[in-house]
Amino acid sequence: MPRQAPTLIPMLRGLISTLSVSSLTPGLDHSNRPLIDLLAGWLESAGFRVEVLPIPGHPHKANLLATLGTGPGGLVLSGHTDTVPFNDGLWSHDPLRLTERDGRYYGLGTCDMKSFLALAVEAARHVNPADLKHPLMILATADEESAMHGARALVDAGRPLGRYAIIGEPTGLRPVRTHKGVMGEAVRLTGRSGHASDPSLGNNALIGMHEALTAIFAWGEELKRTHQHPAFHVPYPTINPGHIHGGDNPNRICGDCELHLDLRVLPGMDPQELRAELARRVAAVAERRGLTWSVEPLFTPIPPVETPAGATIVRAAEALTGHAAQAVCFGTEAPFLDRLGMETLILGPGHIAQAHQPDEYLELAHIAPTLELLQGFIRRFCMDDMIHSHEPTTRP
C-alpha cells in the first residue's frame with residue numbers, strides 16, 4: 001500500500017510546533033486535539049485504521065489508537081501527546097520550533113516524549129501489512145503529565161489492546177521494567193488572620209505549616225530507614241514539598257496556608273495507608289496549634305509497576321538492547337496498560353535528565369538506534385508465529 005505520511009524530520013517539526021501542554025492549573029492547560037488530528041492524518045496515510053477516542057469529562061482531550069494488521073495479541077507502541085508547561089524566556093531556542101544544533105534536536109517534547117511518536121510512525125513506514133501475523137498498534141494518550149486522564153479512560157472503558165506494550169519514555173534506550181508510584185497531596189491549614197503588630201490577634205497558619213513540614217520531613221526520614229528497594233537508584237520512598245502558598249499580605253497574620261507534596265512510593269506500598277499516616281501527622285500539629293486542617297489528593301495516585309523479570313517483553317528487550325532491565329524513580333502509564341492485560345516495558349530515546357526543563361533536547365545519535373530497536377520489536381512481536389501462540393483471545 002502506498003505510504004503518504006511525512007518523513008521523520010517533518011513529523012518532528014509538526015509535533016514540536018503543535019502546543020499540547022497539560023496542567024492541573026486550568027490557565028496553563030491546552031487541548032491535545034490538534035496534535036491528535038495531526039497524528040491521525042499521518043497514520044491513516046500510512047495504512048493504519050485510526051480511532052480517535054474521546055475522554056469522558058474532558059471534551060478538548062482525546063486518545064488515539066491506530067492499528068495495522070489483524071489477529072490475536074499484538075504489540076502496542078505507546079506515547080503521550082502532552083508536555084509540561086514552559087517558560088519560553090528561559091529557553092535559548094524557540095521551544096515550539098525544532099532546532100538542530102551541536103548534534104541535538106531542541107524543542108518542547110523532543111525528549112519527553114513527542115519524538116517517540118514520530119519514531120514509531122517512521123518505524124511502521126517500512127512494515128508490509130501482509131507480513132504481520134499479529135497487529136501493530138500505535139497509542140497516543142492525553143494528560144500523562146497532569147492527571148493521566150487518557151490512560152485512566154482506557155482502563156475505565158476496558159478496551160482490549162495488544163498483548164505487549166512499549167512505552168517510549170526517555171530511558172537512554174535502556175529497558176525499564178519497574179518504577180515507583182506517584183502521589184500528589186494537598187495539605188491545608190486554616191487559622192485566623194489579624195493585625196501583624198500583635199500575634200495574639202490571630203493564629204498564624206504559616207507558622208503551623210512550618211511545624212507540619214518539620215513533622216513531614218521526620219516522617220520521610222523514617223520511611224527512608226524502613227522501606228528500601230535495591231533496584232532503584234534512589235532506593236527509598238521520597239517526599240518533595242513542591243508548592244506552598246499562605247496569606248495575602250505581610251502586615252496580616254496568615255489565616256490559611258496550603259502545601260502540595262509529591263510522594264514517590266515503592267512497589268508494595270499502599271497509597272491509602274500513606275495518606276492516612278500523613279493526615280495523622282498533620283492533625284497532631286493542627287490540634288496542638290488550634291488550627292483546622294485537611295489532607296486531600298491532588299489526583300488519583302499513579303500506582304508503582306513491576307513487570308516480572310522473566311516476562312517475554314523483558315527478555316526480548318534485554319536481548320535486543322544488550323542491557324539488563326532496570327528501575328526508574330519517575331512514573332509512567334505502565335500500571336494502566338498492565339490493567340488492560342499487557343506485558344509492559346518502558347524504553348525510549350533521550351534521558352529523563354533532559355525532560356521538564358528549558359532547552360529540552362534529544363540527541364541525534366539516539367534516532368537510528370531507536371528505529372532499529374522498534375523494528376526489532378515489531379519483527380519479534382508482530383511477525384513471529386510462535387510469540388503469541390499461547391493466547392486464547394483474538395482481535396476483530
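Me: Is E211 buried, partly exposed or exposed?

Reply: This is a predicted model. E211 is partly exposed, because its relative accessible area of 22% falls between the cut-offs of 20% and 50%. R288 has 58% and is exposed.

Me: Which residue forms a salt bridge with E211?

Reply: Side chains of opposite charge can pair when their charged atoms come close. Here E211 pairs with R288, with 2.7 Å between the closest N and O atoms. The pair links distant parts of the chain, since E211 sits in helix α5 and R288 in helix α6, 77 residues apart.

Me: How many salt bridges does the structure hold?

Reply: There are 15. One of them joins R275 and E185 at 2.8 Å, N to O. R275 lies in helix α6 and E185 in strand β9, 90 residues apart. R275 is buried at 18% relative accessible area, and E185 is buried at 0%.

Me: Where do E277 and R281 lie?

Reply: Both are in helix α6, four residues apart, about one turn of the helix. Salt bridges with shared partners join E222, E277, R280 and R281 into one network.

Me: What is the order of the strands in the open sheet?

Reply: Strands of a sheet pair through backbone hydrogen bonds, either parallel or antiparallel. In this case three strands run in the order β4-β5-β16, with antiparallel pairing. The edge strands, β4 and β16, each pair on one side only. Between β4 and β5 there are three bridges, and E100 stands opposite Y105 in β5.

Key: Residues numbered from 1 in each chain as written. Predicted model: local features only at pLDDT ≥ 70, side-chain atom pairs only at ≥ 80, totals over all residues. Heavy atoms only, no water. Pairing = 2+ DSSP bridges. Helix = DSSP H or I, 4+ residues; strand = E, 2+ residues; numbered from the N terminus. Salt bridge = Lys/Arg side-chain N within 4 Å of Asp/Glu carboxyl O. Buried < 20%, exposed > 50% of the residue type's maximum accessible area, 1.4 Å probe, protein only.
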